[in-house]
Amino acid sequence: MSGTEETTNWVVAASISDIDALEEGMALSVELGGTAIALCPFEGEVYAINDVCSHGAALLSEGYLDGCFIECPLHQGLFDVRDGSPQSAPVTAPVASYRVKVEDGKVLVALPS
Ligand code: FES
(Lines give C-alpha, C1' and ligand atoms only; values in the text may rest on other atoms or scores of the structure.)
Protein backbone atom coordinates (compact mmCIF):
# COMPACT_ATOMS: atom_id res chain seq x y z
CA MET A 1 0.00 0.00 0.00
CA SER A 2 1.40 3.39 -0.94
CA GLY A 3 1.65 6.33 1.40
CA THR A 4 -0.90 8.16 -0.70
CA GLU A 5 -3.39 5.34 -0.26
CA GLU A 6 -2.92 5.33 3.51
CA THR A 7 -3.83 9.00 3.81
CA THR A 8 -6.74 8.93 1.36
CA ASN A 9 -10.03 9.67 3.02
CA TRP A 10 -12.43 7.22 1.38
CA VAL A 11 -16.04 8.08 2.21
CA VAL A 12 -19.12 6.00 1.44
CA ALA A 13 -21.19 8.13 -0.92
CA ALA A 14 -24.00 5.82 -2.02
CA SER A 15 -24.98 2.25 -2.71
CA ILE A 16 -24.37 0.94 -6.18
CA SER A 17 -28.12 0.17 -6.23
CA ASP A 18 -28.74 3.93 -5.96
CA ILE A 19 -26.67 4.40 -9.11
CA ASP A 20 -28.37 1.52 -10.90
CA ALA A 21 -31.77 3.04 -10.08
CA LEU A 22 -30.97 6.33 -11.84
CA GLU A 23 -32.94 7.08 -14.96
CA GLU A 24 -31.12 7.66 -18.23
CA GLY A 25 -29.42 11.06 -18.24
CA MET A 26 -29.43 11.51 -14.48
CA ALA A 27 -26.62 11.91 -11.97
CA LEU A 28 -26.90 11.39 -8.22
CA SER A 29 -26.25 14.36 -5.97
CA VAL A 30 -24.66 13.65 -2.59
CA GLU A 31 -23.09 15.83 0.06
CA LEU A 32 -19.81 14.63 1.49
CA GLY A 33 -17.84 16.56 4.05
CA GLY A 34 -19.80 19.71 3.21
CA THR A 35 -19.10 19.38 -0.52
CA ALA A 36 -21.83 18.76 -3.08
CA ILE A 37 -20.73 15.97 -5.39
CA ALA A 38 -22.39 14.55 -8.47
CA LEU A 39 -22.03 10.80 -8.99
CA CYS A 40 -22.20 10.11 -12.70
CA PRO A 41 -22.53 6.64 -14.24
CA PHE A 42 -20.76 6.11 -17.57
CA GLU A 43 -19.99 2.83 -19.31
CA GLY A 44 -20.27 0.72 -16.17
CA GLU A 45 -18.11 3.02 -14.06
CA VAL A 46 -19.06 5.73 -11.59
CA TYR A 47 -17.36 9.12 -11.76
CA ALA A 48 -17.50 11.84 -9.12
CA ILE A 49 -17.20 15.55 -9.79
CA ASN A 50 -18.01 18.67 -7.83
CA ASP A 51 -21.73 19.26 -8.32
CA VAL A 52 -21.49 23.06 -8.45
CA CYS A 53 -20.83 24.49 -11.90
CA SER A 54 -17.61 26.49 -12.22
CA HIS A 55 -19.50 29.17 -14.17
CA GLY A 56 -22.35 30.00 -11.80
CA ALA A 57 -24.70 28.86 -9.09
CA ALA A 58 -26.13 25.74 -10.63
CA LEU A 59 -26.01 22.08 -9.72
CA LEU A 60 -24.74 19.90 -12.53
CA SER A 61 -26.75 16.97 -11.16
CA GLU A 62 -29.86 18.94 -12.15
CA GLY A 63 -28.62 19.02 -15.72
CA TYR A 64 -28.42 16.22 -18.23
CA LEU A 65 -25.86 13.44 -18.46
CA ASP A 66 -25.15 12.40 -22.04
CA GLY A 67 -22.45 9.76 -22.24
CA CYS A 68 -19.37 11.13 -20.49
CA PHE A 69 -20.64 14.72 -20.67
CA ILE A 70 -22.89 16.47 -18.22
CA GLU A 71 -24.74 19.61 -19.27
CA CYS A 72 -25.24 22.44 -16.83
CA PRO A 73 -28.94 23.29 -16.50
CA LEU A 74 -28.33 27.05 -16.38
CA HIS A 75 -26.32 27.94 -19.50
CA GLN A 76 -25.78 24.49 -21.02
CA GLY A 77 -22.01 24.39 -20.51
CA LEU A 78 -20.58 20.87 -20.77
CA PHE A 79 -18.12 19.05 -18.51
CA ASP A 80 -16.44 15.69 -18.98
CA VAL A 81 -17.43 13.65 -15.91
CA ARG A 82 -14.22 11.60 -16.17
CA ASP A 83 -11.97 14.51 -15.18
CA GLY A 84 -14.19 17.56 -14.63
CA SER A 85 -12.74 19.34 -17.65
CA PRO A 86 -14.79 22.03 -19.41
CA GLN A 87 -15.91 21.06 -22.90
CA SER A 88 -17.98 23.91 -24.28
CA ALA A 89 -18.78 27.57 -23.73
CA PRO A 90 -19.55 29.29 -21.52
CA VAL A 91 -17.61 27.12 -19.07
CA THR A 92 -13.84 27.59 -19.13
CA ALA A 93 -12.77 26.32 -15.71
CA PRO A 94 -12.88 22.68 -14.62
CA VAL A 95 -14.80 21.35 -11.67
CA ALA A 96 -12.96 19.12 -9.20
CA SER A 97 -13.05 15.42 -9.87
CA TYR A 98 -12.59 12.72 -7.26
CA ARG A 99 -11.40 9.14 -7.36
CA VAL A 100 -14.11 6.53 -6.95
CA LYS A 101 -14.07 2.86 -6.04
CA VAL A 102 -16.85 0.35 -5.55
CA GLU A 103 -16.59 -2.14 -2.68
CA ASP A 104 -19.24 -4.47 -1.29
CA GLY A 105 -22.00 -2.71 -3.20
CA LYS A 106 -20.96 0.71 -1.93
CA VAL A 107 -19.63 3.64 -3.91
CA LEU A 108 -16.69 5.28 -2.13
CA VAL A 109 -15.27 8.68 -3.01
CA ALA A 110 -11.76 9.86 -2.13
CA LEU A 111 -11.98 13.22 -0.42
CA PRO A 112 -8.96 15.43 0.13
CA SER A 113 -7.75 14.83 3.70
S1 FES B 1 -23.88 28.23 -14.45
FE2 FES B 1 -23.24 26.44 -15.48
S3 FES B 1 -22.89 27.07 -17.53
FE4 FES B 1 -23.46 28.91 -16.46
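At 9% relative accessibility, C68 counts as buried (under 20% relative accessible area; exposed is over 50%, partly exposed in between, with a 1.4 Å probe and protein chains only). The model is predicted, so local features need pLDDT of at least 70 and side-chain atom pairs count only at pLDDT 80 or more, while totals for chains, interfaces and linings use all residues. Residues are numbered from 1 along each chain as its sequence is written, and side-chain values use heavy atoms, with hydrogens and water left out.

C40 is likewise buried, at 0% relative accessibility. The sulfur of C40 lies 11 Å from the closest cysteine sulfur, that of C68, which is too far for a bond. With a disulfide taken as a pair of cysteine sulfur atoms within 2.5 Å, the count comes to zero.

A cis peptide bond, with omega of about 5 degrees, joins A89 and P90; P90 sits in the loop between β8 (86-88) and β9 (97-98). Strands here are DSSP runs (E, at least two residues) and helices are runs of H or I, at least four residues, numbered from the N terminus. Although not a glycine, Q76 has a positive phi of about 65 degrees. Q76 falls in the loop between β6 (69-71) and β7 (78-80) and is partly exposed, at 41% relative accessibility. D104, also not a glycine, has a positive phi of about 50 degrees; this residue belongs to the loop between β10 (100-103) and β11 (106-111) and is exposed, with a relative accessible area of 80%.
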